[in-house]
Amino acid sequence: MIAFWKRECRGYFQSLVGYIFIAGVLCVIGANTYLTCLAGRIPSYETALASSALVFLLMVPILTMRLFSEDRKDNVLLFFYSLPLRLGSLVLGKYLALLTILVIPLVISVVYPLVLSAFGTLSVGIIASTYLGFFAMGAALLSIGLFFAALLENQVAASAVTFIVLLASYLMPTLAASIPNSALVSLISLAVLALIFALIWFLLTRSWKGALIAAAVVCVPACLVYFLYPAALEGLLSTLMGALSVYSRFASFEEGILDLTALIYYVTLTALMLFLTVQVLESRRFR
């Protein structure tokens with residue numbers, strides 16, 4: 001695992017990708033700090049940091065899209081498959097490299113509140129809480145990008161899908177407030193989610209039969225509930241969208257609240273994405 005971590009870190013700094021990510025995060029945090037705290041005269045660095053979370057929409061797809069595509073192109077993955085190697089070590093090594101690239105700009109950005117402290121009093125506790133939430137959210141988003149990089153063989157497709165998923169997560173709270181709460185809308189949404197789940201299952205197994213079964217596992221119970229007790233589906237979509245949004249969980253950290261529920265959510269999501277990434281690689285090992 002350590003060898004894979006070193007290899008990926010070396011790769012990021014031998015190319016421009018690592019530098020682009022670090023510079024992008026620092027520039028966005030710096031710009032928001034200036035606009036909020038200096039130009040806006042609002043002594044709230046945590047607000048500036050929270051506003052910078054949008055940087056992940058662009059930076060995560062750029063950082064993760066090359067993780068497996070270059071290994072496939074250079075036949076490195078085939079070499080790894082031929083070894084008595086646990087692919088979990090490979091995935092963890094790559095993910096630790098992503099976390100390393102994430103931590104670097106966050107550590108450097110600590111200079112910003114130190115400079116601001118010369119002009120006024122800042123709340124160290126709230127800033128620390130915001131940094132923790134920012135890191136936890138970034139770690140979860142990076143795990144999503146890692147999964148799609150493994151799932152899709154084309155790096156442009158992986159980058160595009162990652163961006164769409166992250167954008168959808170960001171817009172979920174807004175969309176949830178505007179979507180009708182009818183049972184029919186919830187049923188249609190569950191059907192769409194079932195199709196997406198079936199497509200992912202097919203990409204993992206290359207089995208249409210298994211994909212159809214996976215879709216039926218979601219669709220059949222949803223249809224039964226709709227016809228037997230439709231009230232149970234009312235408002236389900238809005239509830240799910242609000243609960244699944246990665247970005248909405250970050251709000252409590254900005255207020256200085258150490259939200260254990262949100263931390264558990266981020267850790268669980270990260271673990272799930274890493275597990276699925278390993279399964280993607282394992283499913284292709286013996287093809």
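How many salt bridges does the structure hold? One. The points below start from the overall fold and come back to that pair. Note that this is a predicted model.

1. Overall make-up. The protein chain has 15 helices and zero strands. Of its 287 residues, 45% count as buried. Take the contacts between residues at least 6 apart in sequence: 79% of them join residues at least 24 apart.

2. The salt bridge. The partners are Glu 8 and Lys 94. Their closest N and O atoms lie 2.6 Å apart. Glu 8 sits in helix H1 and Lys 94 in helix H7, so the pair links distant parts of the chain, 86 residues apart.

3. Burial of that pair. Are Glu 8 and Lys 94 buried or exposed? Glu 8 has 4% relative accessibility and counts as buried, because the cut-off for buried is under 20%. Lys 94 is at 0% and is buried too.

4. Helix H1, dimensions. H1 covers residues 2–14, 13 residues in total. From first C-alpha to last, H1 reaches 18 Å. That is close to the 18 Å expected at 1.5 Å a residue.

5. Helix H1, two faces. The buried residues of H1 are Phe 4, Glu 8, Cys 9, Gly 11 and Tyr 12. They cover an arc of only 160° around the axis, so they are on the same side of H1. The face turned away from this buried side carries Ala 3 and Gln 14, both exposed.

6. Tyr 12. This residue of helix H1 has a relative accessible area of 0%, which means that Tyr 12 is buried. What does Tyr 12 touch, leaving aside neighbours within four places in sequence? The contacts are Val 17, Gly 18, Tyr 19, Leu 63, Arg 66, Leu 67, Ala 97, Leu 98 and Ile 101. Consider Arg 66 from that list. Tyr 12 and Arg 66 are 54 residues apart in sequence, yet their C-alpha atoms are 9.8 Å apart in space.

7. The main core. The largest nonpolar core has 67 residues. Those with the most contacts inside it are Phe 56, Met 137, Leu 141 and Tyr 266. Several helices each supply at least two residues of this core, including H1, H2 (17–39), H4 (55–64), H7 (87–108), H10 (155–178) and H15 (260–283). Which helix gives the most to this core? H9 does, with 16 residues.

8. Helix H9. H9 runs over residues 124–151. It is mostly covered, with 22 of its 28 residues buried. At 1.5 Å a residue, H9 should span 40 Å; its end C-alpha atoms are 41 Å apart, so the two values agree.

9. Leu 141. This residue is among those with the most contacts inside the core. Leaving aside neighbours within four places in sequence, Leu 141 is in contact with Phe 56, Val 60, Leu 166, Val 246 and Tyr 247. Phe 56 is also on the list of residues with the most contacts inside the core.

10. Cysteines. The count of disulfides is zero. A disulfide is a covalent bond between the sulfur atoms of two cysteines. How accessible are Cys 27 and Cys 223? Cys 27 has a relative accessible area of 54% and is exposed. Cys 223, at 31% relative accessibility, counts as partly exposed. Cys 9 of H1, by contrast, is buried.

Note on methods. Residues are numbered from 1 along each chain as its sequence is written. This is a predicted model: local features need pLDDT of at least 70, side-chain atom pairs count only at pLDDT 80 or more; totals for chains, interfaces and linings use all residues. Side-chain values use heavy atoms; hydrogens and water are left out. A disulfide is a pair of cysteine sulfur atoms within 2.5 Å. Buried means under 20% relative accessible area, exposed over 50%, partly exposed in between (1.4 Å probe, protein chains only). Helices (H or I, at least four residues) and strands (E, at least two) are DSSP runs, numbered from the N terminus. The expected span of a helix is 1.5 Å times one less than its number of residues. The arc is that of the directions from the helix axis to the C-beta atoms. A nonpolar core is a set of buried Ala, Val, Leu, Ile, Met, Phe, Trp, Tyr and Cys residues joined through side-chain atoms within 4.5 Å. Contact means heavy atoms within 4.5 Å. A salt bridge is a side-chain nitrogen of Lys or Arg within 4 Å of a carboxyl oxygen of Asp or Glu.
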